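Have a look at the model, then follow the notes below.

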Amino acid sequence: MDFADNLLTGLAVAFQPHNLLFCFIGVLIGTLIGVLPGLGPVGAMSILLPVTFGISPVTAIIMLSGIYYGAQYGGSTTSILVGIPGEAASVVTMLDGHQMALKGRAGPALGISAFGSFIAGTLGIIGLMLLAPPLAAIALRFGPPEYFALMIMGLIILTYLAQKSMVKSLMMAGVGILVGMVGLDTMTGMPRFTFDIPDLIDGIGIAPLAMGLFGVSEILLNVEQTIKQSVVVKQVKNLLPSKQDWKDSAMPIARGSVTGFCLGILPGGGAVLASFISYGVEKRLSKHPETFGHGAIAGVAGPESANNAAAQAAFIPLLTLGIPANAVMGILLGALLIHGITPGPMMIENNPQLFWGTVTSMYVGNIMLLVLNLPLIGLWVRLLKVQYAVLFPLILFIALIGAYVINGSEMDLYLMLFFGVLGYLMRKFEYEPAPLILAFVLTNILEDSLRQSLIISGGSMSIFVTRPIAASFLFISLVLLITAVMPSIRKKRSALAATAAENA
Amino acid sequence: MKIKSALRATGVAGAVLTSLILPAAAQAQYPDKPITLYVAFAAGATTDVTARALAQGAEKILGVPITVENKGGGGATVANGLLASKKPDGYSLLVTSTGSITVRPLLMKLAYTPKDFRVLMQYTFYIGGLVVPADSPWKTVDDFVAHAKKNPGMTYASSGPNTQQQIGVESFARCKGLTFKHVPTKGGSAANTALMGKHVDFIAGSGSHIPLVQQGTFRELVTFHVDARDPKRPDIPVMKDIGCPPTNPPNGMIVIAPAGLPDPIAAKLTAAFKQVSDTPEFKKLLDKYNLDYAYEDGKSVQDKFPAEIEWYKKYFTDAGMTLR
Amino acid sequence: MNAERTGALFWLLFGCAAIYGGLDLELGTMQEPGSGFLTFVAGSFVSCMALIIIIQSYRKDQTTSKRVTDLWKGKKWKRAVAITFLIALFILSFEKLGFFVCSLVLLIVIMRWLEGLSWKLCLLVPSIAIGTTYVVFKFFMNISLPAGIFGF
């Protein structure tokens, strides 16, 4: 069957009325879930899994997938509007997105986020259709050494996110790694730093951590401001991105999509890494890097596109190899098994309608999401005009409930409060929370892949340089590190030279 | 006077009779409110799906709603701890793994011990195996052993350290006098991925490998944890066939309640679940996950615990690990 | 007390605790790095960075450096403390007193006591919020929120 045939098969499946209906239900639920901080697509999908027992496999997968990529759209909304990232992938969007909202530019931020997600999602689907099998083969070549090198590159990119003090940001990254040490050690199976608290066996959840460090801390900081007006959003200018916004965002969207797609394929890699690599890249390439962190639209366009492209790409390992790339894909794997479909390299061949039907329905889903989200922008922006005194208790309430329902665990709430207070103090003392979160997310894979690599190589570090992919990433990391440090060295040298000339 | 004492006597008699009847009535009325069936694993996982099937079937038999709640985490230890804290009134039940009850407490401090539970029934267990890529040069287990003897330190991935499947590989190694390098990963899928990418030489299959063996991506060289060959795959030997003692007691999926559950309630629950698990639909569901239906009554499972714990104690001590 | 130094000192102590924790968990060998390896490395790194900050703080102009108390000058920090305390109370009683009671109390207390909003707002807004949340979670998503001793 050639490509055009496949596409037609897919369209025929996707446009069947019940598939359209379930696609819509999926993306609607996904958006709602995404908007609610805390509870992520995994939770919603697992609750709705039994509903899928009675329907056909294609319809089931269409709906569940819709929840997943729909949640990506919704997550950016809360990040931008109220500064609470509901999950790790939304953290980066929040950095500049929320700043834009505070400056009265919530509309353009939400708009660019929606459009960027749509474009990236579409590009991702095209990539999925055309490149799935060869890319899957490349993804398999990523073993522990490659992942380690990739994580190192991620950590180096972190340095680009530093706004004020480089030293402080680096230290926060170190703290993030330490926070990531809490929980079960994959390699020994023993709990670490859990102080015998059973709820900590699985480690500290990213959602309570992010919601506390950013959301709760911001509420605490705002509450102690004397002038209430300072937190009220300035006059909202326009609802949609301007021409200039589009010009500034075009390339970031393109680059973000590519980055997101490539990283999303790697099992365990994914949206978070992609979003902040995109941020780092955009900041580096921008003509006005100093605007990043204060409302640069490129800082929203790039990462948003990256995390949506990554969400689409995450389907590739599952559909082509039967390997779930993340917890969400794990649920889809279970759904496939229940419906009697064996995921694996032969799945596309044995079930062409499932694959092409799902892929084409993703187009439909993305269009539905764009249509859903754009009109809502007006509604969201109006919400921001509400008095902060009324708004923040509600935000706090939703954050608390959202964090609780993830695991039904009180511990998550305590953690959120703890990190909220910590974040509040940190920001007072001028320590940035973003590097902490991002390093935290990388830590598990960083540590596991380092130790796995050393076991495989028998203790020799050469494994990292003898394998081409790993070596390339390490080389790029080195280059990035040097280029990050060079300007400050040059500055010091010219300062020294100037003082030398003066004294001569 | 007579009326007063008569009334008093009636009152006392009434009280005595009621106190005798009520508990029996209460038991006879079990269940009279919804039951919560916790699942010790994530939604969508094998255990979860099978547990939900059990719940749906048992609901109709028992006549009350059974709510399924996932409480995954820590390899089932979090859920076990939760159940240990519940009242043994038959309204809190858990679907979990035998390994989390017999093996884990030996290694770490947990919120429970095996004595805190009453096993109602077991419906299946995980079967591990030694799995290599389909295009590897070893077609039989003998080829593999020969190669391993000449090249000590072959690497293998598993779904985690001290899982039943990984212990299976180590038992195999001990029997044949081989040394391997164990590369733990974060679960069966991660191990499968590592093998597909040929980053390790083989894996300790933990069940999720079976579809991949069926599709021809992997090849299973020997199956652990069972005494007889799988009739569906008769060319794969078991430990007995290659001259090795049986591997470790496997990881079974069981339904448990807090210890102290009254016998009548336990019997009712076991009967209900057994009725569901005996149905062809349930067996078909297990089949989809390539699991065999292996019903075992709760008492018989629990009677085997001490021996199982001893086996693992010995294994860990021999491996030089410190026990709790 | 100098703000920079106090902050850095905290992290220095944290880093040292991590170093100790890492050593306790064992560093392992190159062939098999132990549980404590990365903890030790990260802890050392954090401690180094903290030391650098402390040293840098001495080289800065001492007269213009902020003191710890400056960070809270002119801020109504008592409100932040109050909110923290209220959240803690909420969490402590959430599972015992149930979703409705705790949420209602939290929202009304913040809105009325802290913010001084009208009673109309203080009762109307929380009711809508709590009601909607309950409906969304219980009926659309079948997620149960704690019922507490009052039964709801």
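The largest nonpolar core has 203 residues, and those touching the most other members are M171(A), I204(A), M329(A), Y431(A), W11(C) and I83(C). A nonpolar core here is a set of buried Ala, Val, Leu, Ile, Met, Phe, Trp, Tyr and Cys residues joined through side-chain atoms within 4.5 Å. This is a predicted model, in which local features need pLDDT of at least 70 and side-chain atom pairs count only at pLDDT 80 or more, while totals for chains, interfaces and linings use all residues. Residues are numbered from 1 along each chain as its sequence is written, chains are lettered from A and ligands numbered from 1 in the order written, and side-chain values use heavy atoms, without hydrogens and water.

- A second, separate core of 37 residues has A55(B), V64(B), M121(B) and M253(B) among its members.

**The disulfide**
- Over all chains there is 1 disulfide (a pair of cysteine sulfur atoms within 2.5 Å).
- The sulfur atoms of C175(B) and C244(B) are 1.8 Å apart, and their link is left-handed, with -85 degrees about the S-S bond.
- C175(B) is partly exposed at 28% relative accessible area, whereas C244(B) is buried at 6% (buried is under 20%, exposed over 50%, partly exposed in between, with a 1.4 Å probe and protein chains only).

**Other cysteines**
- C262(A) is partly exposed, at 46% relative accessible area.
- C102(C) is in no disulfide, and the nearest cysteine sulfur, in C122(C), is 18 Å away.
- C102(C) is buried, at 6% relative accessibility.
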